[in-house]
Amino acid sequence: MIDFLNSIIVLLNFIIIPGISYGSQLALGALGVTFVYAILRFANFAHGEIMSFGAMITILFTWFFQSQNIGLGILPTALLALPVGIIATIILCIISDKFVFQYYRYQKSVPVVLAMVSIGVMFVINAIIRIIIGTETIKFSDGQKFIIKAKQFKVMTGLNEGLALKSSQVITILITILLLTFTFWFLQKTKTGKSMRAFSDNEDLALLSGINPDRVVFTTWVIVGVLACVAGTLYGLDKSYKPIIYLNLVLPIFASAIVGGIGSPFGAVIGGYVIAFSEIMVTYAYKKFFVYILPSSIEPTGLVQLLSTDYKFAVSFSILVIVLLIRPSGIFKGRVL
Amino acid sequence: MKFERYEWVAITIMISLFIFVGFIQGWSVSLVILNMCIISAIMTMGVNISWGYAGVINFGVMGFLAMGGLAAVLVSYPPIVESWQAGGSGLGISFALLVVLVIAVMYINKTVIQKRNRYILNSLIIFFGILIIRHFYLNATHNIEDVNPAIAGFLGGLGLPIIFSWIIGGLFAAGVAFVIGKVALGLRSDYLAIVTLGISEIVVSVLKHEEWLSRGVKNVIGLKRPVPYEIDLQNADWFINLVTYLNSSKLNNIVDISDRQQVLNNLIIDGSGIFVKLSYAILFLIVMLIIFYFANKAQLSPWGRMMRAIRDNETAANAMGKDVVKQHLIIFVIGAAIVGVAGAMLVTLDGLFTPSGYRPLRFTFIIWIMVIVGGSGNNLGAIFGGFIIWFSWIEAAPLTTFIINQLTVGLEPTNALKLHLLDSVPYFRYLFMGLILLLILRYRPKGIIPEKVRHS
């Protein structure tokens, strides 16, 4: 029985908790990509950099607050700076739309051209971030780091395995639940949300029934800004902030959005968790788990690892390819909010 | 082929840029930039063939370049006998087993009719097959990687002249492209972009971590050159005579013998570097012109016309009896093969293979900016884009330093803002690239040298 509990703790500690927190970050990112795709109808390659930009502003204001000795006690100061980051990210989104994307929308350009344009935007934001904050790795989480430490847990329960719960993980999960609930409530219950859904379903019909397209687009960018900034900051808070990482994050995010069915917000969230869990589960070495759960006579000798951790990123693309082959529309049929 | 006037202007601009740099920063710098420009132009032509001719998007440039680089290693590196002895048989067995597995799966797919049984049988046989293969494979690779890990630790190559790898690199890339194309070409263009980008990441991560094949992150250095080494040139009589002859007027003015010898030695050292780079440039130029010639021929041929028809209206082309899927695959593979050639040339030029150096920003997106800026659908435009963008990528740093110094001329040299800006000079090139791309897409969406509209 003890062994069974130990094995459960191992799974919780190394797969389930990291999976949920990484999955939440991916889900928020994928939700942003999905919004752009469903309303503005293009694949936004700049999304990773928008996330990075939001995280950067948050970091700058975290430093400012820290220098003024303003803090939240046991919570990280970044939470205080997050609203500023969100506003800055929204402004960035609106500016990039006004000066860049709007023109192509009025021209009714094909999606590929808009994707190319978003690559241009990606380069510009990328350069701005690097010029402002450089390329160094930045750790900006302060406050209490662990909610439960591994040692404490061992003493508390008397088990062999410790369970470590970082506060950043709990914050990630809580904020994600909050934000997702709000987004879905907004889409389903408010008038603006409904007009957005109508717009994504059938643009011409929506225009005929008097929906103002500029307003819909504006709201979309606001939502995208919020989601991107929160996702970027949470990722930075959990791992550590490094500008280069966010470019690599774009692909798992796209993978999540497509796997869930691009255009479907619910699918994007599910896709995020699917990608996160498969990345972690495929590359985790299960030896410890089997040592606890199997009798010692048939214990495994190797690491019982499907793929080495080097292939972490490759896993998400492989899943993307497999899903596109078997079910091109994704898990949930998409294209409509 | 006949060039229009503006095309002559473009060619003149390209040539004069290098002459300008040659006089300002020295001929060595100019030739270094020229070599990379030519390679970039070849990559750009590869992308241009699939995107400009047929509208097939290829964001996997990075992966195909890496395959070309792998070919350069496998062709030119001398074989490592100990590694083959240590793990060759194991690898052979696992490869043979893989073939058996594939045949078994194909056999099952053919004979078992009932769908559910087929799925169960297939997954069972694949699962256990992979378990068995893994056993042999891991043992073999482990043994190979243990052979002298500091300098070897991989299988080595064939030990042939590296120039063959340019063809092999093209074939490697074409092979990978064939598989990707079979899998992904039915997708919509923006999905295809994401999928090819993802697969190219997979290719690079395989090269990064399969050390028995490519030495992975430990890099392969010291690949043999197709051109002479500087040190050999410096000791070769004919080269010394050549340098003396070329600089005879300058040397004759110096009276003192030892001074004269000193100057001559410096000239020989400089000259050998330039000679090596020049020979690279000539080799690359030949390849570029060959590809350019055939690409233009193909574009003007009935096949090229069919490609344009498919690009402009897929449904109509399909209705006219053109096999759209097959033609898409063909052009995707051809484009990738040309990129693979460029990848092999890139490694040849550097003399080393660093899998971790393949990053999408540098090796996929920049190439796409070259295509868009130069003009998709026009081969000269592709070359022009490759030249201009690579040139500005390199020259952005000196230019930025100059601009920042001009703008902050009123500030003291220890001013924090000025120092910070000067520190971030390397990042301004991304800003330039983004702005160039956005401006071109806005004001000249067909590129600087647009595709010629033919009414024939």
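Which domains does the domain assignment give for chain B? The assignment, which is automatic or taken from a database, gives domain 1 (11–79 + 156–443) and domain 2 (81–150). This is a predicted model, in which local features need pLDDT of at least 70 and side-chain atom pairs count only at pLDDT 80 or more, while totals for chains, interfaces and linings use all residues. Residues are numbered from 1 along each chain as its sequence is written, and chains are lettered from A and ligands numbered from 1 in the order in which they are written.

**Domains of chain B**
- Taken over C-alpha atoms, the centres of domain 1 of chain B and domain 2 of chain B are separated by 37 Å.
- Their contact (C-beta atoms, placed from the backbone, within 7 Å) takes 4 residues from domain 1 of chain B and 7 residues from domain 2 of chain B.

**Contact between chains A and B**
- Chain A gives 35 residues to this contact and chain B gives 33 residues.
- On the side of chain A, the elements giving two or more residues are α3 (78–107), α4 (111–133), α10 (243–260) and α13 (312–326) of chain A, where helices are DSSP runs (H or I, at least four residues) numbered from the N terminus.
- The largest share of that side, 14 residues, comes from α4(A).

**Surroundings of A:G48**
- A:G48, placed in helix α2 (residues 47–67) of chain A, counts as buried because it has 28 C-beta neighbours inside 10 Å, the cut-off for buried being 20 or more other C-beta atoms within 10 Å.
- Leaving aside neighbours within four places in sequence, A:G48 is in contact with A:Y246, A:L247, A:L249, A:V250 and A:I253.

Methods. Contact = placed C-beta atoms within 7 Å. Buried ≥ 20, exposed ≤ 12 C-beta atoms within 10 Å, placed from the backbone.
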